[in-house]
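Grab your viewer and work through a few exercises on a predicted model. Try each task yourself before reading its solution.

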Amino acid sequence: MEFAVAVQGESHRKRELQREHLLAGRRFPCQDRATVNGSLIAADGTAFSFMGISDGHGGTPYFRSHKGAEFALQVVQDIVSRRMDRIQELVVVGDFDTIRSQLALAIVKDWHKLIDQDLAEHPITKEELDYLEGEKPSVAALYRQGQDLYSIYGCTLVSYFATKDFWFAIQIGDGDFALSLDGQEFVLPMPKDEGCFLNQTTSLCDATATKEFRSVAGTQIPKVVLCTSDGVANSFKTEEQVTGFYRSLFNLFVQSEFPQCQELSCKNQNQCDLQCKDALVKEEICRYLPKLSKNGSGDDIALAAIVNFSPADLKEIQALQDYLHGCHIKHHPAAVVDSKEHPEQLMYKYFTKAERGRNAKAKFELALYHYNKADSQMALKKMKSAATAGYVEAMVQLADWYLEGYGGESDPKKARRLYEKAAALGHKDAEQKLAGL
């Protein structure tokens, strides 16, 4: 899975609504950019993945920073592709410092080249300078004299690339580079930049930019990698909250039960594939990021992510999709209109597929199905399996059956243990039933 998005910050949206800007038709679009591509081929034939974000400076002097951000992402991907053979030579001998310094020199050089070309093709307009004159006359004077023009395109950069054998991340300025090896524990391994504090940041437009890059590398390919602009981190109070947010993004894929998955909205009702989940997660992230900006930093937000799912992960995600489809058919059998199978058969098929994917809730549903069919032996087998898998509702139901002696299995001691376990997990009915024993 790969994902990249950049959204306008709340402060820019509010600024556009100010009377003077409304009258002038002046817009303040998102200055950040994000990109991701998990299947690139370098000039030497090496397959690699690449992603990055670039945060265009939002102040008035940086009125083309959105272009600067686009150029930054363009040049670093191109450089990595052209120089992958040299990069791999340095990886073999563990010389990551040289990779950083050579990439930094190449990035700044090529970024300057694209800006020079853009200025030649699109000279600074009178309107751009007049507006700047009203807010930053001293800066406008510099630009009129042809000085410090790279600042017009000022931006930061966080980028990552990986082959099957190694990964490398390089950064200048603020923003986050985060990774996780297991999808649960997220770390921020990039060395800190002492030049970044409050609203100040190092930048590609700095005269000393080539010396301001930091980098980090490894040989174990992470399960999850994210690059984000500072609009994310500044929306939280602590680093723990930031990494918690990154964990929640990953959990959207592996745990979230989207209502749409229960509505048989797939083109083929007989198959809810992983592309459905992928699309739903991306839609959810796009809806949430503007809210994060509004309630947090107010800044533009750029986010790029690559998730390397294992076969077991994919099986688990697919099982969840199948379980949700089975649930919808169970409660809305009339919704089945594109299948040759009877709704009950289709429901059973989905739950069985989900059970094979080790979905505990599907085991529970199959137990209830066999209970309704008066098949106590199979019902008990499935319910025990669901309870053993940790599904708390199955624990309580199995305990009820043990108390009533369903299927000839009467065991009050087992029932008590199951109620205690469910109560410890916060199940309120289990607590009440335990108190009544």
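A quick note on the ground rules: residues are numbered from 1 along each chain as its sequence is written. The model is predicted, so local features need pLDDT of at least 70 and side-chain atom pairs count only at pLDDT 80 or more, while totals for chains, interfaces and linings use all residues, and side-chain values use heavy atoms, with hydrogens and water left out.

**Exercise 1. Work out the strand order of the open sheet, and find which strands stand at the edges.**

Step 1: The order of the 5 strands is β1-β10-β9-β6-β7, with antiparallel pairing. Strands are DSSP runs (E, at least two residues), numbered from the N terminus, and two strands pair if DSSP finds at least two bridges between them.

Step 2: β1 (2-7) and β7 (186-187) each have a single partner strand, so they are the edges, and one side of each has no neighbour in the sheet.

Step 3: Now look at the partners of β10. β1 pairs with β10 over 6 bridges, and β9 (residues 224-228) is joined to β10 (residues 301-307) by 5.

Step 4: Zoom in on Ala 304 of β10: Ala 4 stands opposite it, and Ala 304 is also the bridge partner of Cys 227. Thr 228, in turn, has Leu 303 as its bridge partner.

**Exercise 2. Which residues of β10 are buried on one side, and which on the other?**

Step 1: Side chains in a regular strand alternate between the two faces of the sheet.

Step 2: One side of β10 carries Ile 301, Leu 303, Ala 305 and Val 307, the other Ala 302, Ala 304 and Ile 306, all of them buried. Buried means under 20% relative accessible area (1.4 Å probe, protein chains only).

Step 3: Tally up, and 7 of the 7 residues of β10 are buried.

Key: Helices (H or I, at least four residues) and strands (E, at least two) are DSSP runs, numbered from the N terminus. Buried means under 20% relative accessible area, exposed over 50%, partly exposed in between (1.4 Å probe, protein chains only).
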